[in-house]
Amino acid sequence: MAIIGGNNGIILTTVEEVLSWGRRNSLWPVSIGLACCAIEMMHTAASRFDTDRMGIIFRGSPRQSDVLIVAGTVVNKVAPMLKLIYDQMPDPKWVISMGGCSSGGGPFPTYSTLQGIDRIIPVDVYVPGCPPTPQALLWGIHQLQKKIKAKQEGKELKEIPVRTPKASFPVKG
Amino acid sequence: MPWIKREKAEKIKEWFPSIKITQYKDNIFLEIEKKEVKNLLKFLKESPDYSFKMFIDFTCVDYPLHNPRFQGVYILYSPEFKERIGVKTWATDDSLPTITDLWKGAKWAEREAYDMFGIKFEGHENLVRMFMWETYPYFPLRKDFPKEGIKDTYLPSLNEPEGSYPSHDYDPYHTAIPTLEDLEITQKARMPEKKAQIVLNWGPLHPGTHGTIWFIFDLEGETVKNCEIILGQLHRGIEKLSEDITYTQVIPYTDRMDYISAICSNVAYVNAVEKLLDIEVPEKAKWIRTMLCELQRINSHLLWLGTFALDLGALTIFLYTFREREKIMDIIEGIAGIRLNSTYMRIGGVRMDLPEGALDVINHFIKDFPSKIKEYEDILTKNRIWLKRNIGLGIIKEEDVYDYGITGVVARGSGVPYDIRMLDPTDAYDKVDFEIPLGTVGDCYDRYLVRMEEMRQSLEIIKQCVKKLQELKDDKYLATDNPYVLPTLEETFNSIEAMVKDFNLRIYGEQAPEGEIYSSGENPRGELGFYIVSKGEGKPYRLRIRSGAFYNLQIFPELIKGRTVADAVVLLGSLDPVVGETDR
Ligand code: SF4
């Protein structure tokens, strides 16, 4: 955005930029609480941390929201339902995975638990913790805002470089 | 809880000469063959000398090398004589007679046993799966089923670009997840045909269902004609997991069951293990436990109040209660280091000493909190909308309490003085004075009043604990002399014996003596019981978790019949289930 001529009230910008600005400052998450992490998500929305002041308003319906905060353990039985909810959200949409369980199964490496929601829906931001504190969730949301901004500017948020092994050396005994 | 006396149990032999009596500590179990078990249970329930009217729990244990393979375990309670009894029987031909005609509360427990072990129940009205979906081919709690399941589906991460090396070490093969058709079959199995106009699904991912409970209503207009509940949307397999880890390692999982009252669950569990291992807990730890339990109870009731009011449209209360909750969470964070799932309890005591100033903060909270309760009551207790929606809804009678095995606030709201803190005082509960509020009618409003009063009583207990703890300043908080108790960090770093002990306990676990024990604690949601079978190894052979919310929720379909959908929200809120505990 560029402001022209000091205080006389003209702003030059692009449509893209305005859209991105609007999107990242009014992230409306679907309030889907699954387990313990949902309690901390509620705390983030309630009196002390008060996400409303950042334009984050929890909605009851996926059709009205653009962020899916998966807070809690996703078990196999819920996985298709979660996918359904993700599909029902209008584009553009983002996913925050809150807590160890949704990120990778957490403390439950069992027959019934989904080992990471990235197996059924793509994830944008992982928030670690068991449960993450409300501060951590807020950090995650800020991280997502940065990601949206970076995308509009044509850069991807810097990713951890993945090293791949070159060739394998067969060892003969 | 006092168990039935040995002599009294011996007398049952006059009627049933074939029973075998096994005893571990004070826990008495009668063993009987399958064809007699129903008669015995009926006798125990109806005989005036015993009158074990209340159903507590039913579960199974798998002994793969034994023939017959599965053992059913019933636990009953006699409200008249205030004692418990256990009954065991072997499931010949992998089946057992249903006892749903004796106690309606056994319906879900039997479904669960079918789901987890594949045992059939002769005469059960609709034996379907409890937690898993209908087309799931395995029985997970059997000993020959691996805890991580059968990984037969290729389900790679979507975050990994196609064709690249995975960024971390993970298995692209996963256990099978159901399709939407599978879920539809599950739903159809629960409610085979609709009788009224329309079938409405409420949940599983709905803000009003307090987690992930799935309700099916059969509606005539707005009136509910029939209702069914599908659980298992948070079934994480804690019982299976705990068969593979040491007793200490189970503690964090008890946090994650009833995450709103983590400390109470911890205490109930460590008490059960301490009973099994015969550990005497230091005085100071007992008082700390009691104090934190009651703090957690207030915390839990506050969350209930906030969400309950929110469901009924009063957003203000939600914000107010969360303001108070934050204070309690801060106190717990200061003491235990973690806000929610604190894992503060250890077998034989507590993890750390109270930090400096903790008691002052709690003192301040005690002074401040009564005015806050008054604030809530001013808004709600005589509020016309509140009264209209709560009074007369969901009346639970005394017989229902016994029939369904309802415990906790829901039982006390119906005037049944069933409180483990009083009946089987653990920790310092036998040394503190408090009152147990009881309801008169048993409707939602009574349960509301009881919970509000309980918060006040909890404050009283905390007050006494703080006073006592100020005297006990320099005492031990962990019984480290006991061979089963992990040494403190300081000891581990400074003495070689403690380090060896620490190593042994962590690697090989607490080698508990052979035996079995059922012990419970008063959770804010009802009786949380642990039935532990030990085979002399470092880990439990079977750990059954008797969840209060599971049994309390069972009466919901009964109560909602003939009411409107809007009442379902209120009723569910007042029963206050937590899915982490119902599904485990
Ligand atoms: S990450 Fe931890 S706190 Fe969050 S849902 Fe899983 S077990 Fe609960």
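## Helix packing and backbone details in a predicted model

In chain B, the axes of helix α8 (residues 283–311) and helix α10 (residues 358–380) come within 13 Å and cross at roughly 30°. This is a predicted model, in which local features need pLDDT of at least 70 and side-chain atom pairs count only at pLDDT 80 or more, while totals for chains, interfaces and linings use all residues. Residues are numbered from 1 along each chain as its sequence is written, chains are lettered from A in the order in which they are written, and side-chain values use heavy atoms, with hydrogens and water left out.

**The helix pair α8(B) and α10(B)**

- The axes are lines fitted to C-alpha atoms over the stretch in contact, with angles running from 0 to 180 degrees between N-to-C directions, and the helices are DSSP runs (H or I, at least four residues), just as strands are runs of E with at least two.
- α8(B) and α10(B) are therefore roughly parallel to each other, a description used for angles under 35 degrees.
- The contact (heavy atoms within 4.5 Å) is made by B:M291, B:L295, B:I298, B:L302 and B:L305 on the α8(B) side, and by B:L359, B:I362, B:F365, B:F369, B:Y376 and B:L380 on the α10(B) side.
- By class, this contact of α8(B) with α10(B) has 11 nonpolar residues, no polar and no charged ones, where nonpolar covers Ala, Val, Leu, Ile, Met, Phe, Trp, Tyr, Cys and Pro, charged covers Asp, Glu, Lys and Arg, and polar covers the others, Gly among them.

- B:T153 lies in strand β8 (residues 151–154) of chain B, and at 25% relative accessibility B:T153 counts as partly exposed, the class between buried (under 20%) and exposed (over 50%), using a 1.4 Å probe and protein chains only.
- Leaving aside residues up to four places away in sequence, B:T153 touches B:P172, B:Y173, B:H174, B:T175 and B:A176.

- The peptide bond from A:C130 to A:P131 is cis, with omega near -10°, and A:P131 sits in the loop between β6 (125–127) and α5 (134–152) of chain A.
- The peptide bond from B:N67 to B:P68 is also cis, with omega near -5°, and B:P68 sits in the loop between β3 (54–62) and β4 (70–78) of chain B.

**Positive phi without glycine**

- B:K82, although not a glycine, has a positive phi of about 55°, and B:K82 counts as partly exposed at 37% relative accessibility.
- B:D93, which is not a glycine, has a positive phi of about 55°, and B:D93 is exposed, with a relative accessible area of 67%.

Technical notes. Parallel < 35°, antiparallel > 145°, perpendicular 65-115°, else oblique.
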